[in-house]
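This briefing walks through a two-chain model, topic by topic. Please keep the sequence and the 3D view open while reading.

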Amino acid sequence: MRHFNYGVTYVMMPDRAMVRRPFSTLTIAKKGFLLVALPLVAQIVFGVALLAASRKAVEAHARELHSQHVLTETYAIKTALLIAQGSLRGYVLTRNADFLTDCRVAERDVPTAIARLSRLVADNALQSGRVREMAKSAAAVLDFQNVNANLVLGGRRDAAVSLVGTQAGKRLMERFLVPADAFLATEQRLAEARHAQASASNRMAITVVAIGFALNILLASGLALSFTAGINRRLGVLTENAQRLAAGRQLLPPLSPGDEIAGVDGVFREMAASLTKATEDLQHANGEMEAFSYSVSHDLRSPLRAIEGFSRILVEEYGGTLDAEGIRILGVIRRNTVTMAQLIDDLLTFSRLSRQQIARVEVDMRELAARTFAEVAGSDEHRKIEFVLDDIPPAKGDLPMLRQVLTNLLSNAVKFSQPREQPRIEVGTLKNGEAGYFVRDNGVGFDMKYANKLFGVFQRLHSANDFSGTGVGLAIVERVVHRHGGKVWADSAPGEGATFFFTLPESGGGNDA
Amino acid sequence: MRDEEVEILLVEDNEGDLELTLRALKKVNLANKVLAVRDGAEALDYLFAPGSVAPRVVLLDLKLPKVDGTEVLRRIKSDPRTALVPVVILTSSAEERDRLATYELGANSFIVKPVEFDSFSRAVTEIGMYWMLLNRNAS
């Protein structure tokens with residue numbers, strides 16, 4: 001008998017349930033929610049950081065562009081003035097009016113360009129001051145050029161040439177160039193600084209993207225791993241416990257409470273405990289039943305032996321003082337006593353077969369049938385039986401129990417075919433592919449309308465006067481076959497013989513009744 | 001009977017069985033050397049009394065008052081003074097576990113008492129004849 005003992009005691013461990021472990025004590029549903037929600041929140045945080053970084057980069061780029069714009073504008077002014085100066089000299093030399101075009105363009109464009117430049121650097125006091133100087137000196141340069149041009153137009157070319165010769169124009173131009181170059185140098189440095197800032201902002205944005213991406217992957221995969229590992233570990237405890245329960249071993253310590261798996265674990269433990277209780281009750285009942293059977297087998301037979309024995313002694317020693325009827329009555333007493341003893345034996349066998357554990361081994365059914373037949377047909381009067389033993393396959397079952405089945409079926413076959421001129425008994429295997437056997441005789445048979453009574457305890461289909469027997473044999477057959485997970489049935493007609501079939505499935509679960 | 005030599009110690013609590021056994025032994029003239037005791041304690045008292053001579057065979061029932069047959073067998077077989085005395089279990093019970101347990105303790109025979117008087121009588125006389133006449137003991 002396997003002893004079950006689970007769920008009642010556990011190996012005590014440091015009280016793990018009391019240790020606060022926030023994540024592991026959440027329900028699976030909450031853990032699942034966090035698994036999705038936490039990376040999402042992190043994503044939002046990184047998104048905001050990225051937005052800030054890229055806005056900074058865009059601003060830096062705008063400032064850099066602004067500086068470039070200022071530089072371009074300034075170079076344009078400077079170039080226009082210098083071209084105008086050169087063209088004026090050309091005009092003074094050649095009096096070709098084409099040269100004046102550049103001067104007119106400078107006169108028209110330079111003041112407006114300087115006004116635009118002034119607006120562009122309005123936020124910078126130093127540069128604004130320089131622009132004002134540039135405006136004044138540029139106006140002076142343009143005035144000087146105008147005066148010169150007018151001299152030539154007025155026919156006083158000599159005066160214009162000598163005016164050029166005074167180098168006053170060159171000095172005026174230098175007064176423009178000094179603040180303009182200082183302005184350009186400052187703006188150039190500013191542009192370079194802003195370019196560096198824009199590049200740094202770009203790099204920052206890229207770094208934010210990279211770090212955010214990496215952290216998010218780490219967070220999501222870390223959470224997923226811890227989630228699945230935690231669930232796997234706890235599910236593993238359930239699986240292990242189920243195996244332990246099946247093997248009758250002690251269960252693992254309970255899971256820390258909080259989630260659905262701990263709930264299942266708790267229910268499983270309750271189940272195991274009630275199963276233990278039920279098994280113990282059953283063992284107790286079995287024990288009582290066994291003690292009862294033991295008493296029956298021991299104590300009920302002694303009085304029977306006394307009744308039988310003393311009746312016999314009465315006949316032997318006092319037969320002379322009894323008449324024939326008295327001796328017949330004593331005979332009746334003795335026969336009934338023997339029947340009673342047989343009944344007790346059969347009932348005990350029946351009860352034992354119900355309680356005994358089945359030990360499945362490979363059983364050579366052909367050899368077992370041959371030997372059993374030799375035993376039940378052993379006495380001389382049965383030698384005339386024709387015994388046909390087909391090529392039957394081996395079975396997986398409890399050897400003593402299967403021997404009991406064949407003994408009962410074959411002794412029935414012998415008994416009920418005895419009145420036949422040529423008794424014939426056949427043992428064969430089922431033809432429908434099921435793992436099963438049959439025992440067929442050509443005996444007196446029975447009416448199938450009583451077939452439902454065949455396998456009941458103490459049920460007999462023939463009167464005791466015609467055939468002996470206690471009516472337990474087929475009940476034993478049925479019990480053994482059922483306990484092997486098989487079924488048993490019969491086919492017969494009065495006077496036509498009877499066939500008893502039974503199956504023994506390979507892996508029959510057994511109906512332990 | 002104590003003064004005479006006891007050759008068969010019969011341990012049996014049931015009146016009927018006792019009388020039937022003695023009758024069967026009488027048929028083969030073995031009844032005069034039998035000492036019958038009614039429970040396990042009496043059997044042990046007899047066997048281990050100072051100066052007692054070991055019987056040639058013990059016929060032992062299993063279900064006995066006070067000390068049961070299995071315990072009597074264990075004591076007999078574990079004591080050097082009696083370990084070699086043949087013990088025949090003569091019981092009503094056909095329980096397999098009794099048979100295995102007593103053989104493991106060193107029982108020399110295990111006989112299930114038949115209910116039919118003829119078979120019973122034959123069994124008892126054969127036991128008596130075998131152990132008293134055919135068998136040669138170790139001591």
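Chain B holds five helices and five strands; helices (H or I, at least four residues) and strands (E, at least two) are DSSP runs, numbered from the N terminus. This is a predicted model, in which local features need pLDDT of at least 70, side-chain atom pairs count only at pLDDT 80 or more, and totals for chains, interfaces and linings use all residues. Residues are numbered from 1 along each chain as its sequence is written, while chains are lettered from A and ligands numbered from 1 in the order in which they are written.

**Chain B: layout and sheet**

- From the N terminus on, the elements of chain B follow the order β-α-β-α-β-α-β-α-β-α.
- Of the 139 residues in chain B, 37% are buried. A residue is buried if 20 or more other C-beta atoms lie within 10 Å of its own, exposed if 12 or fewer, and partly exposed in between, with C-beta atoms placed from the backbone.
- Take the contacts in chain B between residues at least 6 apart in sequence: 69% of them join residues at least 24 apart. Two residues are in contact if their C-beta atoms, placed from the backbone, lie within 7 Å.
- The five strands form an open sheet with parallel pairing, in the order β2-β1-β3-β4-β5 (chain B). Two strands pair if DSSP finds at least two bridges between them.
- β2 (34-37) and β5 (109-112) of chain B are the edge strands, each pairing on one side only.
- On average, neighbouring strands of this sheet are turned by 20 degrees against each other, direction ignored. Axes are lines fitted to C-alpha atoms, for helices over the stretch in contact, and angles run from 0 to 180 degrees between N-to-C directions.
- Four bridges link β4 (residues 87-91) of chain B to β5(B) in the parallel sense. Leu90(B) has Ile111(B) as its bridge partner in β5(B).

**Where the chains meet**

- Chain B brings 14 residues into contact with 15 residues of chain A.
- On the chain B side, α1 (15-27) and α5 (117-134) are the elements that give two or more residues.
- α1(B) gives the most to that side, with three residues.
- The chain B side divides into five nonpolar, four polar and five charged residues. Ala, Val, Leu, Ile, Met, Phe, Trp, Tyr, Cys and Pro count as nonpolar, Asp, Glu, Lys and Arg as charged, and the others, Gly among them, as polar.

**Chain A: overview and an enclosed strand**

- Chain A has 11 helices and seven strands. Buried residues account for 27% of its 513 residues.
- Six of the six residues of β5 (residues 436-441) of chain A are buried, so this strand is largely enclosed by the rest of the structure.
- Both faces of β5(A) are covered, with Gly436(A), Phe438(A) and Arg440(A) buried on one side and Tyr437(A), Val439(A) and Asp441(A) buried on the other.
- β4 (residues 424-429) of chain A pairs with β5(A) in the antiparallel sense over five bridges. Gly428(A) has Phe438(A) as its bridge partner.
- Six residues lie between the strands of this β4(A)-β5(A) hairpin, where Gly433(A) takes a positive phi near 90 degrees.
- β5(A) also runs antiparallel to β7 (residues 498-503) of chain A, joined by six bridges. Here the bridge partner of Val439(A) is Phe500(A).

**Nonpolar cores**

- The largest nonpolar core has 39 residues, of which Val405(A), Leu409(A), Leu410(A) and Val477(A) touch the most other members. Such a core is a set of buried Ala, Val, Leu, Ile, Met, Phe, Trp, Tyr and Cys residues joined through C-beta atoms within 7 Å.
- Elements giving two or more residues to this core include α8 (324-355), α10 (399-417) and α11 (473-483) of chain A. α10(A) gives the most, with nine residues.
- A separate core of 32 residues includes Ile8(B), Leu9(B), Leu73(B) and Leu90(B).

**Helix packing in chain A**

- The axes of α5 (residues 168-247) and α6 (residues 260-299) of chain A come within 10 Å and cross at roughly 10 degrees. That makes α5(A) roughly parallel to α6(A) (angles under 35 degrees).
- Residues making the contact include Leu238(A) and Leu245(A) of α5(A) and Val264(A) and Phe268(A) of α6(A).

Notes: Parallel < 35°, antiparallel > 145°, perpendicular 65-115°, else oblique.
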